[in-house]
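User: Hey, can you walk me through this model? I'd like to start with pockets.

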Amino acid sequence: HDYCESLRELLDSLGIDSAILLGHSLGGIIAQEFYREHPQRVRSLILADSTQGGGAEAPEVRNSKLNNRIRMIRTMSPDQLARERAPKLLSPDALRELVNEATLIMSEVRPSGYEFAAKAMSTADTRGILNDIKVPLLMIWGAEDKVAPVWRGLPEGTKVKIIPHAGHLCFAEQSDAFNSIVLEFLNA
């Protein structure tokens with residue numbers, strides 16, 4: 001909810017009444033929540049490698065994931081955490097340069113912010129928000145995403161694109177394909 005309100009405040013401060021929202025992973029959860037709270041402000045919605053939040057999972061699964069992530073955040077340095085986690089966000093065949101770049105970027109994450117985001121994701125539950133969506137919806141996944149699998153029971157009329165040879169960071173791993181998919185959707 002805090003992230004959703006921060007997005008609303010940002011759009012207000014920029015004088016933007018409605019927007020096309022593209023959210024990846026946690027950003028996709030925020031975009032869904034924003035649509036729930038402010039549907040009149042969303043012209044279309046693009047969700048990439050997103051989920052319906054940890055609240056949509058069985059409590060034991062949700063708690064196990066959260067506890068493991070918090071343990072890692074609290075016991076590992078940002079560099080150690082990045083070296084452990086970043087490769088899992090890409091496909092096994094990702095270029096070494098991309099793995100190194102993802103690791104470097106992730107090593108700059110502040111532990112307190114990462115922990116806050118982990119807790120927010122574990123309690124978020126966006127089930128049902130998109131059931132009667134009134135705006136165009138595009139959902140994109142990397143074919144080898146082990147973090148956020150393709151949803152079952154997608155809303156009727158959803159455009160779905162699966163990007164081959166890409167993991168959770170499909171926009172980085174297959175940027176040309178990702179950008180083409182988004183541009184095609186926006187120009188339709």
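This is a predicted model: local features need pLDDT of at least 70, side-chain atom pairs count only at pLDDT 80 or more; totals for chains, interfaces and linings use all residues.

User: Which residues lie nearest the centre of the largest pocket?

Analyst: S25, R69, R85, M121 and V147, out of 50 lining residues. The volume is about 1,400 Å³, taken as the space filled by probe spheres set on the points.

User: Which helix gives the largest share of that lining?

Analyst: α3, with eight residues. Helices here are DSSP runs of H or I with at least four residues, and strands are E runs of at least two, numbered from the N terminus. At least two lining residues each come from α3 (59–75), α4 (78–85), α5 (96–106), α6 (111–123) and α7 (170–173).

User: And by class?

Analyst: The lining has 27 nonpolar, eleven polar and twelve charged residues. Ala, Val, Leu, Ile, Met, Phe, Trp, Tyr, Cys and Pro count as nonpolar, Asp, Glu, Lys and Arg as charged, and the others, Gly among them, as polar.

User: At what angle do α3 and α4 pack?

Analyst: About 140 degrees, with the axes 8 Å apart. Axes are lines fitted to C-alpha atoms, for helices over the stretch in contact, and angles run from 0 to 180 degrees between N-to-C directions. That makes α3 oblique to α4; under 35 degrees is roughly parallel, over 145 roughly antiparallel, 65 to 115 roughly perpendicular and the rest oblique. R69, M72, I73 and T75 in α3 meet Q80, L81, E84 and R85 in α4, contact meaning heavy atoms within 4.5 Å.

User: What about α1 and α2?

Analyst: The axes of α1 (residues 2–13) and α2 (residues 26–37) come within 9 Å and cross at roughly 75 degrees, so these two helices are roughly perpendicular to each other. Their contact has seven nonpolar, no polar and three charged residues.

User: Switching to the sheet: what's the strand order?

Analyst: β1-β2-β3-β4, open, with parallel pairing; strands pair if DSSP finds at least two bridges between them. β1 (19–24) and β4 (159–163) stand at the edges with a single partner strand each, so one side of each lacks a neighbour in the sheet.

Conventions. Residues are numbered from 1 along each chain as its sequence is written. Side-chain values use heavy atoms; hydrogens and water are left out. On a 1 Å grid over the protein atoms alone, a cavity is a set of points where a 1.4 Å probe fits but cannot get out, and a pocket is an open set with protein on both sides within 12 Å along at least five of seven lines; lining residues have an atom within 4 Å of a point.
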